Amino acid sequence: MAQCFSFTASRNSCYKFSFSRAGLKSSITDLGDGTIMHFWVPKAHKDQKPNLLLIHGLGANAMWQWNEFISPLATKFNIFVPDLLFFGESYTTRPERTEAFQAQCVMKTMEVLGVRKMNIAGISYGGFVGYSIAAQFPEAVQKLAIVCSGICMEEKDMDEGMFRVKSVEEAATKLLPQRPEDLTELMKITFYKPQKRIPSCFLRDYINVMCTEYVQEKKELIYALHKDRKLSDLPKISHSTLIIWGDSDQVFPLELGHRLKRHLGENAELVIIKNCGHAINIEKPKELSYHLRSFLMNPLPPPKQESNGNNSKED
């Protein structure tokens, strides 16, 4: 029987066209160690523009998470959008699963592409990777934007009831849905106002196209993110950092945003977006785009006076 039309595959093709129309092209880099990295890179790099690295989170490939932002940002920046390992066309035969290894692979690719200085914006899991880049390669990073990324979580937080899930195994099951009912549950967790009554055929189609490859490897990424994590082990970075969080985030509660602000002190600003869950890039793309552009395009601010570590502003 011939395969039926796939809405997900069709939408993926539309995103490819959208990225191309915004001046990006697909690029494959073989790092020579069993690792292949896929990036979207500028068709024509312009030296007068600053560079911007956009790092996606768990879920679909990078196009699905950054499509709304590519066109406006590409007018001001040379945009680089990687598929992290085990997403899109990127993969490795090596056993490492930490965000530090993801960061190293991204930076090796940027080096091959001839990029030495960059701004970074990372969503959720991508924020972990972006922070690791700033910590490991401080001279390469100019500004860092972290979007709803629980970098400051600790392994004990789950045992103490901070999260809706009670174990990392349950978290992996919810974040990597394999059934329509799992995807419905994931949307309830990640959205402030989840869409209701989505036909199961559309949910099943999305899972078949986007969620069935490298499932075990993605679980290992989640396990590595959580295992033995302690705030005392997290290095402090000195880069100007914008932290953006939804006030109703159920994946990484807002307390983790405040915790990251306290950890970074005067170098960071926390912006809280009201009536928004974890999927800020989908629920509030205009607000997120505004804050990213304002932060990334403005000159580096002077050092701030340290206060109580809880300063934030809300939309």
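## Where α6 meets α9

In helix α6, V168, E169, A172 and L175 touch K219, I222, Y223 and H226 of helix α9, with contact meaning heavy atoms within 4.5 Å. Helices here are DSSP runs (H or I, at least four residues), and strands are E runs of at least two, numbered from the N terminus.

The axes of α6 (residues 168–175) and α9 (residues 215–226) come within 10 Å and cross at roughly 140°. That angle makes α6 oblique to α9 (under 35 degrees is roughly parallel, over 145 roughly antiparallel, 65 to 115 roughly perpendicular, and the rest oblique). The α6/α9 crossing is right-handed.

## About the model

This is a predicted model, where local features need pLDDT of at least 70 and side-chain atom pairs count only at pLDDT 80 or more, while totals for chains, interfaces and linings use all residues. Residues are numbered from 1 along each chain as its sequence is written, and side-chain values use heavy atoms, leaving out hydrogens and water.

## Strand β4, tucked away

Now for β4 (residues 78–83): six of its six residues are buried, so the strand is largely enclosed by the rest of the structure. Buried means under 20% relative accessible area with a 1.4 Å probe, counting protein chains only. N78, F80 and P82 cover one side, with I79, V81 and D83 on the other, and all are buried.

## Its neighbours

Strand β2 (residues 35–42) runs antiparallel to β4, joined by three bridges; pairing takes at least two DSSP bridges. H38 has D83 as its bridge partner in β4. Strand β3 (residues 51–55) is parallel to β4, also through three bridges, and L52 stands opposite I79.

Methods: Buried < 20%, exposed > 50% of the residue type's maximum accessible area, 1.4 Å probe, protein only. Axes fitted to C-alpha atoms, helices over the stretch in contact; angles between N-to-C directions. Left-handed = near helix turned anticlockwise from the far one by under 90°.
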